[in-house]
Amino acid sequence: MSVKVTIDGITIEVEPGTSILNAARQIGGDIVPPAMCYYSKLKDSGGKCRTCLVKVSKGSEKDPRPMPKLVASCRTTVMDGMEVQNITSPEVVEARKGIVEMLLLNHPLDCPICDQAGECHLQDLAFEHGAVKTRYEFDRRTFEKIDIGDKIQLHMTRCILCYRCVFVADQITDHRIHGILNRGDHSEISTYIQHAVDNDFSGNVIDVCPVGALTDKTFRFKNRVWFTKPVEAHRDCDHPKCNGKVTLWYKGEEVLRVTARKDQYGEVEDFICNTCRFDKKNTSDWVIEGPRQVSHKSVISANHYDFIPLPVIKTDPYLIEANKEQFERDTRL
Amino acid sequence: MARKLLLEHINVPGINTFDVYRSKGGYAAVEKALKTMSPDDVVEEVKKSGLRGRGGAGFPTGMKWSFLAKPEGVARYLVCNADESEPGTFKDRYLMTYIPHLLIEGMIAASFALGAKISYIYVRGEMMPQIRILEKAIAEAKNAGFLGKNILGTGYDLELYVQPGGGAYICGEETALLESLEGKRGNPRIKPPFPAIAGLYGCPTVVNNVESIAAVVPIINEGGDEYAKVGIGRSTGTKLISAGGNVKKPGVYEIDLGLPVEEFLYSDEYCGGIANGKRLKAVVAGGSSVPILPANLFLKTIKNEPRLMSYESLSDGGFVSGTMMGSGGFIAFDEDQCIVRNTWNFSRFYHHESCGQCSPCREGTGWMEKVLHRLEHGHGKMSDMDLLVDVSKKIEGNTICPLGDAAAWPVASAIRHFRDEFEWHVSHGAEAVTRNFGLAHYADPLPQPETVA
């Protein structure tokens, strides 16, 4: 039993109970709404950043009324016959532009010195959906940097309050000691009275953080991500919950950092333990599998040679010709 | 003088005690409901009465009750929302302070109708005296056998608890209230699921305002049809209005819905007119989150009909020229009040009370507050008004809970109706800090559209 949903005119059949966002991800391409707070591997995440708002122009086959407001696609389940508009609705595009502006209001825009630059979701989001200039003319809120544990630094000024790290601590680690303090735009992620976060899986908060609020202290200011080369590797990790499958980020011969493997939506495939992440930084610790494929749209692949196979076209002579030109252009050094 | 349904015995000395309340016919509704009616009958009576939620949204209470899921073996809860924090509204506090047994009686009857064995009254943390009053009233009712096991020998058990909140505006939003009641951070939940399906501790829950629950008492006593005769159209019954601002006699008034606003504002029975012989400039009709209206549009609708105190009439004209009933926090502004300052004040409140969960409200409320602060203190720009309207549009409807809308509406409406004053604050920046814009044309009769033959 599957349900039919149409997103921007593309129909797909999905399992009942799938969210609109996941249905869109199954279709793929430009119609996938951006998500800053939703994380498919974390239960109950999503619904907070509002960047994935979409318009439901037809509720379902049974009840074809449109939904009165834009809905968060990550937390709205599809109904049979639902019709969703994402990039085809000017209303959604406008609302999303507003959300991006709001998210950037109190964000410091210190990308030049931020370790997350290059793999920052907010950067990508602002590039794709935001305005060139902000209309905000006031001082941004700032916080002191704090070290939560000896390996992780929290720079709250950059935080967009996606709550992902809170969900990680709740669901992946044994014990959560950080959370949200205060209210409104003064709310902050913190451990109460600077208590240190200390457990085997705490490093994963770095991977799930969409911005540079939580950074790896063993990697801070070592290099820009786009100068490093991602390589897939694994090791025989003895932690029961960690399978040791990671991405090593090389600069020359040196492993600068270790992260979990992230998919095209920036979500990790498997969470890794702190030993793998912070303590194993020699090539000899790892079994190298090969280069990690990074989307050619990402700045990380900017200096890497990356071959994208062209679609095979056999019938249309015009397209075959165009394809050849494209092939030459893409493979020219 | 219209008949009072809720505040009939409010002036009886000692009405806050069980004995006096009982001698005035109190707890008759509980007796009638538990002994002679089935739970469905009670729901049916409330449906017939057409009672609409008194907390602000005006959703029919009977309908809300009938949506409650009733799976076997799962507890159901009734939660009374006494986290009254809307600026300008103080009717629930009044009710709980002076006639607490009315609320207790309503809670028992409503819990019986919904089949709840445990019910909560969630009171805002600042209202400590009211919490003590309610606890005392509950103890008295329990002594008299109206609460606890086997109430009045009917076999119905009910425990009623008072839970103080932490004093956050956001905890008046029903799902945030439930989170807070569960002992978590008061962040609104993402709906669906609605509380009627999965509310408190994941069980079906109904959350009602204090006044809605109190109104169940006269509905049961007199019957839903009788109750529906009071009022006008779909706005049935009576409503408590907390009149404040520059009126001669501020206070809580019980009115029949459908009373002309002019009568409410100027008759001696109610507000008694504007204090100190001033003239009316603007009115916020239902608590700080509803759109503000200038005097001329408030007294008469855009069709030049007199406006009435009812859900429909107040919202006549939509957001262009109407407002909302809201929670009944009636604030009148006289000619000396500065609308820019007031809007800034409201905006400051919403900035302070935003929970910070979803981005448009968290960031947008602070932005609006800062821009309005600048305008009020004479450093504004002409482009600020358009900016504010645009920001309010970006917030409205894009948030998890209605706080975003509540923050956006007063700003958007103030600029819509009082743009002259905002512009004057920019063009006469230095003067704006020392004196007010005054009444201007805001009380002038509405221009009549020319009839084209």
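## Ground rules

Residue numbers start from 1 along each chain as its sequence is written, while chains are lettered from A and ligands numbered from 1 in the order in which they are written. As the model is predicted, local features need pLDDT of at least 70 and side-chain atom pairs count only at pLDDT 80 or more, whereas totals for chains, interfaces and linings use all residues.

## Chain A as a whole

Chain A holds 7 helices and 14 strands (DSSP runs numbered from the N terminus: H or I of at least four residues for helices, E of at least two for strands). Its radius of gyration is 21 Å, close to the 20 Å that the globule rule gives for 333 residues, so chain A is as compact as a globular protein of that length. The radius is taken over C-alpha atoms, and the rule is 2.2 Å times the number of residues to the power 0.38.

Along the principal axes, the C-alpha atoms of chain A fill a box of roughly 55 × 50 × 45 Å.

## The sheet in chain B

Now to chain B, where 5 strands form an open sheet with mixed pairing, in the order β3-β4-β2-β1-β5 (strands pair if DSSP finds at least two bridges between them). At the edges stand β3 (148–151) and β5 (205–209) of chain B, each with a single partner strand, so one side of each has no neighbour in the sheet.

Strands β3(B) and β4 (residues 156–164) of chain B run antiparallel and are joined by 2 bridges. B:I151 has B:Y156 in β4(B) as its bridge partner.
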